[in-house]
Amino acid sequence: MAIISSKQPEPQKPGNQKPDDQAAKKIPSSQPQTGQKNQLLESSARADEVSRNEDGIRPQSLDDYIGQKALKEVLQIAIQAAQSRNEPLDHLLLYGPPGLGKTTMALILAQEMKVDCKITTAPALERPRDIAGLLVNAKAGDILFIDEIHRLSRVTEEILYPAMEDARLDITIGKGQSARTRSIPLQPFTLVGATTKVGALTSPLRDRFGLIQRLRFYELDELTNIILRTATVLKTDVEESGAMEIARRARGTPRIANRLLKRVRDYVQVKASGPITEQIAGEALELFNVDPCGLDWTDRRLLSVMIENFNGGPVGLDTMAAATGEDAQTIEEVYEPYLLQIGYLQRTPRGRIATPAAWKHLGYEVPERPTLVTQADIKNPDTNNGTDQLSLM
Ligand code: ADE
C-alpha cells in the first residue's frame, strides 16, 4: 500500500488549468512493502502526522488495533463482504474527538483491502482542480481519506457528489454563456471522511456515506495495552503499573497516551534508571503538568476561569474563549469532549457549567448554588444560547 499525503494548495500558476494532483503527492517508498510505508514528507500538519509513524507505532492491521471493538466488527464485515464481491468498500464517515485513530483506521482499511490510501485534509481542497486531480488519479478501490471533512468548500463538495455516487467527475469548461459540462468516468473509489463535528456536515454529503461510525474514548485497560504495545515498538522498558499510570492521565486518547509515554521515557533516561514504574510515571507527568485525571494546564484554566469569573457558569463558548484567550473552536473540539466525558463540564442551552466534581477536583469548596437567571431566559427561555450576561436572583 502506498500512503500519499497532502499539502496546502499553492497559488495557481497561470496557464496550468488541467486537473492535477496538487492536493496529494506520492514519494518513492524508502521501505519494502512489508513496512507498508510509502510516505511523503511535506510541511503540512497532516503530512507531519503521517510521517511521525516512522517509528511504526501505528497498528498496521485490524488485529493489531486495540479498542473500538464495535467499530472493528462493523468494518471487518464490510471488508469481507466487499472483498468477496470484488468491489471497493462503501464510503465511510468516521467521527469523534481528535486523536482516537481515524487516520490510523483509514490506513488499516487500505492495508486490509490491499489498495493505496491518499491522505488529505479539507482545507487543502479549496479549488476544483485539487479534488479533481485526486479523483482522476485514484485507481479502482483506492481509499481517499479527507480529514476535517466538515470544512470542505461548497464547490469541492458538489464535485464529490457524482464522484461518490456514480464514479463520475463533472467538470465545467469555459465561462458564462459558452460554459459546458463534461463528465469524465472515474475508477470506483472509497471516500473515508473524518470529522470532529459530524453535525457540521451538510446532509447531502452525510447521506452519501454508506457507513457512519463514531470513535469513542478508550477504556483504561485498552489504553494500558496500547502503551505496552508502543513501548515494545520503542524498545522502552515499562512495568504494567507504569503503563496504567500513564493511561490514567491520557484522557482516553491513544495519541495522548503515546505522547506521554515518550515524555516519561525522556524523564527516565535523564532523571532515573530502569523500567518505567508507576511512581516514576507519576513523578514525570506531575513535572509535565498532567494531573492524575489527565487534565493539563489549559483544562484546569478553562474550569478555574468558569468557577472564579462566572461562579461556575452557565457561560457561553465565546465568552469562555475571550476570558481565557483560547480559540473557541479549540475549546469546543479539543478540550470540552473529555471534560464532558468525565463529568466535569455540562453543556446547557444557557451555556457551559463546571460541575461540583470539577470544583472539588480543583480544590474549590462547592457552594450552595444560587439560581442563575438571564434576562433572555425571562423573555424567551428557548432562544438563549448562553452568551448573555448573567444576573443572580
Ligand atoms: N497506537 C495508537 N492507537 C492504537 C490502537 N488503537 N491500537 C494499537 N496501537 C495504537
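Which atom of Ile66 lies 2.8 Å from a nitrogen atom of the ligand? In this predicted model, the atom is a backbone N or O atom of Ile66. The legends below begin with that site.

Figure 1. The ligand is surrounded by Ile57, Pro59, Asp64, Tyr65, Ile66, Tyr218, Ile226, Arg229, Pro254 and Asn258. Taken alone, the ligand exposes 260 Å², and the protein buries 94% of that area. Sorted by class, the shell holds 7 nonpolar, 1 polar and 2 charged residues. At least two residues of the shell come from helix 7 (220-233), and at least two come from helix 9 (254-271).

**Figure 2. Polar atoms facing nitrogen atoms of the ligand.** For Ile66, a backbone N or O atom is found 2.8 Å from a nitrogen atom of the ligand. For Arg229, a polar side-chain atom lies 3.4 Å from a nitrogen atom of the ligand.

**Figure 3. Contact of helix 11 with helix 12.** Two packed helices are described by the angle between their axes and the distance between the axes. The axes of helix 11 (residues 297-310) and helix 12 (residues 317-324) come within 10 Å and cross at roughly 100°. The two helices, helix 11 and helix 12, are therefore roughly perpendicular to each other. From helix 11, the residues Arg301, Leu302, Val305, Met306 and Phe310 meet Thr319, Met320, Ala323 and Thr324 of helix 12. The residues of this contact comprise 6 nonpolar, 2 polar and 1 charged.

**Figure 4. Contact of helix 12 with helix 13.** Helix 12 packs against helix 13 (residues 328-341) at an angle of about 100°, and their axes are 8 Å apart. Helix 12 is therefore roughly perpendicular to helix 13. Helix 12 contributes Leu317, Asp318, Met320, Ala321 and Thr324 to the contact, while helix 13 contributes Ala328, Ile331, Glu332 and Glu336. By class, these residues divide into 5 nonpolar, 1 polar and 3 charged.

**Figure 5. Backbone geometry at Pro314 and at Lys114.** Most residues other than glycine have a negative phi, and most peptide bonds are trans. Gly313 and Pro314 are joined by a cis peptide bond, with omega of about 5°. Pro314 is placed in the loop between helix 11 and helix 12. Lys114 is not a glycine, yet Lys114 has a positive phi of about 55°. The loop that contains Lys114 runs between helix 3 (102-113) and strand 3 (117-121).

Technical notes
Residues numbered from 1 in each chain as written. Predicted model: local features only at pLDDT ≥ 70, side-chain atom pairs only at ≥ 80, totals over all residues. Heavy atoms only, no water. Near = heavy atom within 4 Å. Polar contact = N/O pair within 3.5 Å; in protein donor to acceptor, adjacent residues only side chain to side chain. Areas by Shrake-Rupley, 256 points an atom, 1.4 Å probe, with all protein chains shown as cover. Helix = DSSP H or I, 4+ residues; strand = E, 2+ residues; numbered from the N terminus. Nonpolar A, V, L, I, M, F, W, Y, C, P; charged D, E, K, R; others polar. Axes fitted to C-alpha atoms, helices over the stretch in contact; angles between N-to-C directions. Parallel < 35°, antiparallel > 145°, perpendicular 65-115°, else oblique. Contact = heavy atoms within 4.5 Å.
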